Amino acid sequence: MSGSKQILETSRLLLREFVPEDADTLALILSDAETMRYYPVLFDRAGVEEWIARNRRRYEANGHGLWAMVLKSTDELIGDCGVTVQPVDGIEELEIGYHLRRDHWGHGYATEAAQACRNWAFLSRNADHVISLIRPENMPSRRVAERNGMTLWKEILWRDLPHCVYKIDRTAGL
Ligand SMILES: CC(C)(COP(=O)(O)OP(=O)(O)OC[C@H]1O[C@@H](n2cnc3c(N)ncnc32)[C@H](O)[C@@H]1OP(=O)(O)O)[C@@H](O)C(=O)NCCC(=O)NCCS
């Protein structure tokens with residue numbers, strides 16, 4: 001997408017900043033009931049636009065946020081993955097999050113993107129550790145966290161719902 005800033009490249013994926021023109025394609029992900037089954041609400045069109053605006057504010061404020069995941073072979077937007085700041089037990093943590101369009105599940109794309117984001121946080125932000133916040137019943141997401149080198153750190157109530165906090169330290173040497 002012209003005018004959007006590329007952040008990371010992996011063997012099969014590009015991660016770039018979201019732009020408002022991504023709303024239609026992103027809605028295929030954030031408005032899909034199966035994809036969002038572990039979230040309290042589905043995003044309607046206004047919600048998708050606000051989601052993009054929120055991440056663009058994060059780019060401005062922090063230099064990072066959830067980025068658009070683009071499949072290099074087709075140039076399609078197939079999901080998001082990135083690094084956000086999230087409060088956990090009163091401390092601001094760097095969190096790696098990901099959502100993928102359903103017809104692309106099971107090819108390792110989320111893992112590939114999450115590993116690149118983890119390395120980015122360690123190298124570009126000098127992070128001591130990074131986390132992922134995951135509902136306990138979300139096994140695919142837990143597997144992505146584990147394949148990202150993370151282990152279960154603690155279980156907490158986060159936004160009033162039980163969440164696993166997965167974590168990897170920079171010293172893990174990946
Ligand atoms: C979580 C998500 C991003 C994973 O994307 P993906 O690209 O399919 O993930 P990967 O292919 O890298 O790995 C998926 C892993 O989950 C496993 N998995 C898939 N479905 C599963 C299920 N129902 N139960 C247990 N494990 C499952 C896969 O086998 C794979 O693990 P393996 O390689 O060890 O076999 C995708 O399922 C998604 O978008 N889910 C909805 C949004 C979401 O919940 N995001 C995370 C919020 S914390």
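Predicted model: local features only at pLDDT ≥ 70, side-chain atom pairs only at ≥ 80, totals over all residues.
Student: Where is His129, and what does His129 touch?

Tutor: His129 belongs to strand β6, which covers residues 129–134. Setting aside residues up to four places away in sequence, His129 touches Glu93, Phe122, Lys167, Ile168, Asp169 and Arg170. For a sense of distance, take Val88: His129 and Val88 are 41 residues apart along the chain, and their C-alpha atoms are separated by 13 Å.

Student: What makes Ile7 partly exposed?

Tutor: The relative accessible area of Ile7 is 21%. Buried needs a value under 20% and exposed one over 50%, so Ile7 falls in between and is called partly exposed. Ile7 sits in strand β1, residues 6–9.

Student: Which residues does Ile7 touch, leaving out those up to four places away in sequence?

Tutor: They are Leu15, Arg16, Glu17, Trp67 and Trp120.

Student: What surrounds Leu15?

Tutor: Apart from its neighbours within four places in sequence, Leu15 is in contact with Gln6, Ile7, Leu8, Trp67, Ala68, Met69, Cys81, Ala113 and Cys117. Contact here is a matter of heavy atoms within 4.5 Å.

Student: Why is Ala46 called exposed?

Tutor: Exposed means over 50%, and Ala46 has a relative accessible area of 52%, so Ala46 is exposed. You will find Ala46 in helix α2, residues 45–62. Ala23 is 23 residues away along the chain, and the C-alpha atoms of Ala46 and Ala23 are separated by 9.3 Å.

Student: What makes the phi of Asp75 worth a look?

Tutor: Most residues other than glycine have a negative phi. Asp75 is not a glycine, yet its phi is positive, about 65°. Asp75 is found in the loop between β3 (66–71) and β4 (76–88). With 55% relative accessibility against a cut-off of over 50%, Asp75 counts as exposed.

Student: What is the phi of Arg159, and where is Arg159?

Tutor: Arg159 has a phi near 50°, a positive value in a residue other than glycine. Its place is in the loop between β7 (151–158) and β8 (161–169). Arg159 counts as exposed because its relative accessibility is 61%, and exposed means over 50%.

Student: How do you know that the radius of gyration of the protein chain agrees with a compact globule?

Tutor: With 174 residues, a compact globule would have a radius of gyration near 16 Å. The protein chain has 15 Å, so the value agrees. Along its principal axes the C-alpha trace spans about 35 × 35 × 35 Å.

Student: What share of the chain is buried, and which residues touch the most others in the largest nonpolar core?

Tutor: Buried residues make up 52% of the 174 residues. The largest nonpolar core has 45 residues, and Met69, Cys81 and Val130 touch the most other members. Helix α3, residues 109–124, gives the largest share of this core, nine residues. There is also a second, separate core of six residues, including Leu133, Ile156, Trp158 and Val165.

Student: How many helices and strands hold these residues, and in what order do they run?

Tutor: The protein chain has four helices and eight strands. From the N terminus on, the order is β-β-α-α-β-β-β-α-β-α-β-β. Among contacts between residues at least 6 apart in sequence, 57% join residues at least 24 apart.

Methods: Residues numbered from 1 in each chain as written. Heavy atoms only, no water. Helix = DSSP H or I, 4+ residues; strand = E, 2+ residues; numbered from the N terminus. Rg over C-alpha atoms; globule rule 2.2 N^0.38 Å. Buried < 20%, exposed > 50% of the residue type's maximum accessible area, 1.4 Å probe, protein only. Core = buried A, V, L, I, M, F, W, Y, C linked by side-chain atoms within 4.5 Å.
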